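Open the structure in your viewer and keep the sequence at hand. This tour goes from the whole chain to a few selections.

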Amino acid sequence: MNLYYSFIVMNYNKTNRILFNIIIGAVLCNCCIYAQNCDTGYTYFDDLPANVTNINNDSNCFFDDDIAVLNDLISINNLNNYSSHFELGIQTWVTSRLVSWVATYVPSGTNGLTQKVSQLPDIIGQLSELENLYIEKHDLTELPNNFTQLSNLITLGISNNYLTSLPEEFGNLLNLETLDLGYNQLESIPGSIGNLENIIYLFLFNNQLSSVPETICDLDLDWDGISPQNYPYFAIGGNQLCECCPADGFIPECVENSANFNISM
């Protein structure tokens, strides 16, 4: 009787395990099918590296146009250290879109790119939900005109490059609050800069500016202020601006009278 009872119990437990595995397998299968059922224009990715933060995107579907920009950056700059677009810097994706990207050159690879880039993709404007972009310490000499379509940008850190000019429609980046263009080779600033109505921090120090458009005075900046973090809200020192030689270049009154006129960070 004991042997028979043990046999029944053993078979009962075995049957339960089989049923349990079947149910779990079915659930996982359904999850996989669901996860890969992305809308047109989106692609499913399962394995994400640690540098990617994925928010409000349980389906793991990512916007193809954003992915195309990252892939183009790898291609046009021959970034052979990277086998996947997700490996490029620190990325935050929200609801399938790239909203924050730290792509500063960092040789160690911590919090940035291990290789320098010399150009940005012509299609970079497709990152239409991008709010924060840090792409400092590279070899960039110009920005594609398409760059001005990044209308949701709030923070742009692009210092320590070799930019000589900005696109004429740069003022279309209406949501910019922080703009760091320090340590470039800028020879001019487009008049449209006066359209940056939300700007709080503007850093233009250590460039090759000999004049500044008068429209810069349209900005609602704290020209003299220092932030709680001990940063000026405006800095333009280390250029070719000469207060004593007005014939050599134009300096608007708001700049000339700023207490931070000569600050070079």
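**Before selecting anything.** This is a predicted model, in which local features need pLDDT of at least 70 and side-chain atom pairs count only at pLDDT 80 or more, while totals for chains, interfaces and linings use all residues. Residues are numbered from 1 along each chain as its sequence is written, and side-chain values use heavy atoms, with hydrogens and water left out.

**The whole chain.** Show the chain as a cartoon: there are 3 helices and 10 strands. Helices here are DSSP runs of H or I with at least four residues, strands are runs of E with at least two, and both are numbered from the N terminus. Read from that end, the order is α-β-β-β-α-β-β-β-β-β-β-β-α.

Of the 265 residues in the chain, 43% are buried. Buried means under 20% relative accessible area, exposed over 50%, and partly exposed in between, using a 1.4 Å probe and protein chains only.

**The disulfides.** How many disulfides does a search of the whole structure find? The search gives 2, a disulfide being a pair of cysteine sulfur atoms within 2.5 Å.

Select Cys38 and Cys61, whose sulfur atoms lie 2.0 Å apart in a disulfide. This pair links distant parts of the chain, 23 residues apart: Cys38 sits in the loop between α1 (2-35) and β1 (42-44), and Cys61 in strand β3 (residues 61-63). Cys38 and Cys61 are both buried. The torsion about their S-S bond is about -85°, so this disulfide is left-handed.

Next select Cys217 and Cys254, joined by a disulfide with an S to S distance of 2.1 Å. Here too distant parts of the chain are linked, 37 residues apart, with Cys217 in the loop between β9 and β10 (234-235) and Cys254 in helix α3 (residues 253-256). The link of Cys217 and Cys254 is left-handed, with -90° about the S-S bond.

**A loop residue.** Last, select Ile200, in the loop between β8 (178-180) and β9 (201-203). Ile200 counts as partly exposed because its relative accessibility is 39%. Leaving aside residues up to four places away in sequence, Ile200 touches Glu177, Leu221 and Tyr233, where a contact means heavy atoms within 4.5 Å.
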